[in-house]
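Thanks for asking me to look this over. Here are my notes, for you to read alongside the model.

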Amino acid sequence: MDKPVVPAVDPIELAFALASAGPICDRCLGRRLAGLGSGLLNQERGQALRAASGASAAAHEATCWVCQGTFLRAGEWAGKAVQLVGDHEFSTFLFGVRLTPRQEAVEEYLDERFPSPWAEPFKRDLNRALGKAFEWALAEWGRAAAVDFARPDVQFTVDLESGRIELVVAPVFFYGRYRKLARGIPQTHWPCRSCHGRGCASCGGTGKQYPISVEELVLPAFLAATGGTGGHLHGAGREDIDARMLGRGRPFVVEVKEPRRRTIDLAAVAEEIHRSAEGKVEVLDLRPGDPDLVAQVKEEHADKRYRARVELGEPVSGEALARALAALVGEVEQRTPVRVRHRRADLVRRRRVHEARGELLSPTAAEVEVLCQGGLYVKELVSGDGGATQPNLASLLGVPAKVVELDVLDVLNGL
Ligand SMILES: [Zn+2]
Ligand SMILES: [Zn+2]
């Protein structure tokens, strides 16, 4: 049987000792025994304990040696916070405080000299007081917001030493899928290979290797709608620059930093993207997202369906092509392709080809469709990459084979 828990400290004796140690307000007294009597404010608890213990009268907060009137300034800080946050849209918030060195020392001293199993940290009490005061201050402006400990839209930190408040506006996230209808467009911007982004003759001073990216076609409309200061497009993997992304498109998450607006007209955003992208990129399924989506979208496990135009070094028969494609289904061992070995780890991957089919367009040209695990390099599955991919279409056919056009038809993740 469990032993009954006998508190080592008698709350009435503790309250008396605290109240006798120096002028202390009811709030600070009650906070040291906050675990007792639920539903009471710290002030009310302090008042009751003081009366029950027969201790001397309460000090006003301004003369309390523990808080020194800090809580009296909550309204002032709340007012500053409302000004600081200005016209940023938010529905959740959180306050934090940095204590002064004196305040830290007082907490330590109390824990040592008046240990209490019921004590609430000074910071938590103050954060709550600031949150309440902030809600009232907001209400005066006809606004409302709720505390969120996990993911507040805006977060204030009050520095008690300097009296300053800092504001951090959380990024906002949107989910969507993009279709890339033109070739030669990277997913995100690439710095020029010659000048590494500074601008030179070979990039015409732009600092970019490619004139435009999917990110640059998609992000501006989100920035304009949210009033954010910057952002990112996180793709669920990426297709080659010269490959199109067709079908239902590739999932992505747009992250916008320091947004002024968090709820935006996504249909209007899509329209603006389509207008400015002039047929190069389309977006579908836009909806509000959250930070977890970035990791989910970045998981590389999604199966992909590709369509490739393949050039063959020598004529082959339709029968030979069908046999070779059938033999391609199964496990593939693929060493990191030569063309990306300078920027990707050199290792051997095992990936599955689920389906492979195709037809001859001429004796030396074929259209091939492959459904495979994410992370498989399809160009090398066709060419063999000098034997670095096994099996491969070229060696199964016994003739050189090369992808001349690649389209991603589908990204089959659950999002
Ligand atoms: Zn106090
Ligand atoms: Zn350059």
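This is a predicted model: local features need pLDDT of at least 70, side-chain atom pairs count only at pLDDT 80 or more; totals for chains, interfaces and linings use all residues.

1. The chain falls into domain 1 (11-169), domain 2 (172-298) and domain 3 (303-412). The centres of domain 1 and domain 3, taken over C-alpha atoms, are 65 Å apart.

2. Have a look at the open sheet, in which 4 strands follow the order S2-S1-S3-S4 with mixed pairing. Strand S2 (146-147) and strand S4 (165-169) form its edges; each has a single partner strand, so one side of each lacks a neighbour in the sheet.

3. Strand S1 (residues 92-98) and strand S3 (residues 154-159) run parallel and are joined by 6 bridges. Across this pair, Arg 98 stands opposite Asp 159 in S3.

4. Two helices pack on the sheet. Helix H4 (residues 74-85) touches S3 and S4, and its direction makes about 40° with that of S4. Helix H6 (residues 122-140) touches S1, S2 and S3, at about 135° to the direction of S1.

5. Which residues of H4 are buried? They are Ala 74, Trp 77, Ala 78, Ala 81 and Val 85. Viewed down the axis of H4, the buried residues fall within an arc of 105°, so they line one face of the helix. Their cover includes H6, S3 and S4, while Glu 76 and Gln 83 are exposed on the other side of H4.

6. The length of H4 checks out too: at 1.5 Å a residue, its 12 residues should span 16 Å, and the end C-alpha atoms are 16 Å apart, which agrees. Just after H4, Gly 86 has a positive phi of about 50°.

Methods:
Residues are numbered from 1 along each chain as its sequence is written. Chains are lettered from A and ligands numbered from 1 in the order in which they are written. Domain bounds come from an automatic or database domain assignment. Two strands pair if DSSP finds at least two bridges between them. Two residues are in contact if their C-beta atoms, placed from the backbone, lie within 7 Å. Axes are lines fitted to C-alpha atoms, for helices over the stretch in contact, and angles run from 0 to 180 degrees between N-to-C directions. The expected span of a helix is 1.5 Å times one less than its number of residues. A residue is buried if 20 or more other C-beta atoms lie within 10 Å of its own, exposed if 12 or fewer, and partly exposed in between; C-beta atoms are placed from the backbone. The arc is that of the directions from the helix axis to the C-beta atoms.
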